[in-house]
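This report concerns the packing and local geometry of a single model. The sequence and coordinates are shown first.

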Amino acid sequence: IEMIEGLSECKLLKRLDLNHNFIRKIGGLEGKSNLVFMNLSNNWVSDINQIDHLKVHCSTIRELSLKCNPIGAKKSYRSTVFSRLSQLIKLDGIA
């Protein structure tokens, strides 16, 4: 999978696991206000600004995993994600 798409009918989606794909851009999550868990580990997300899509469209997200993405190598990765998604309780499995 290279893009997050085809979820428009999943209005009550709470958990989304897209581990081990080829996703570079976080998108296609409009109206996913019930999403609390998202796993994007082992993808190709490299731009820290991709987090903003989650901030706008998934304000209830509590657990996010971006392990093994290029984004994780960025300076201040954890603090930037937590500051943009202040409702998070876990990032990459760590509180």
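The model is predicted: local features require pLDDT of at least 70 and side-chain atom pairs pLDDT 80 or more, whereas totals for chains, interfaces and linings use all residues. Residues are numbered from 1 along each chain as its sequence is written, and side-chain values use heavy atoms, with hydrogens and water left out.

**Nonpolar core**

The largest nonpolar core comprises 25 residues. A nonpolar core is here a set of buried Ala, Val, Leu, Ile, Met, Phe, Trp, Tyr and Cys residues joined through side-chain atoms within 4.5 Å; buried denotes under 20% relative accessible area, exposed over 50%, and partly exposed the range in between, with a 1.4 Å probe and protein chains only. Leu29, Met38, Leu64 and Val81 have the most contacts inside this core. Two or more residues are contributed to it by each of α1 and α2; helices (H or I, at least four residues) and strands (E, at least two) are DSSP runs numbered from the N terminus. In soluble globular proteins, nonpolar side chains tend to be buried together.

Contact means heavy atoms within 4.5 Å. With neighbours within four places in sequence left aside, Met38 is in contact with Ile4, Leu16, Leu18, Leu29, Leu54, Ile61, Glu63, Leu64 and Ser65.

**Helix α2**

Helix α2 spans residues 77-84, and Tyr77, Thr80 and Val81 are buried in it. These residues are on the same side of α2, because they cover an arc of only 95 degrees around the axis, the arc being that of the directions from the helix axis to the C-beta atoms. The packing partners of the buried α2 residues are α1 (51-57), β3 (63-65) and β4 (90-91).

**The loop between β2 and α1**

Asn43 is located in the loop between β2 (37-39) and α1, and Asn42 is found in that loop as well. Asn43 is buried at a relative accessible area of 3%, while Asn42 is partly exposed at 26% relative accessibility. Although Asn42 and Asn69 are 27 residues apart in sequence, their C-alpha atoms are 5.6 Å apart in space. Beyond four places in sequence, the contacts of Asn42 include Lys67, Cys68 and Asn69; those of Asn43 include Cys68, Asn69 and Pro70.

The table lists polar contacts, i.e. pairs of N or O atoms within 3.5 Å; within protein, one must be able to donate a hydrogen and the other to accept it, and residues adjacent in sequence count only if both atoms are side-chain atoms.

| Side chain | Partner | Distance |
|---|---|---|
| Asn42 | Asn19, side chain | 3.0 Å |

**Backbone and ring features**

Most residues other than glycine have a negative phi, and most peptide bonds are trans. Cys68 has a positive phi near 60 degrees; Cys68 lies in the loop between β3 and α2 and is exposed at 60% relative accessibility. Asp92 likewise has a positive phi, of about 60 degrees. Asp92 is in the segment after β4 and is buried, with a relative accessible area of 14%.

Which ring has Arg15 over its face? The ring is that of Phe37, with Arg15 at 4.0 Å from the ring centre; the criterion is NZ of Lys or CZ of Arg within 6 Å of the ring centre and within 35 degrees of the ring normal.
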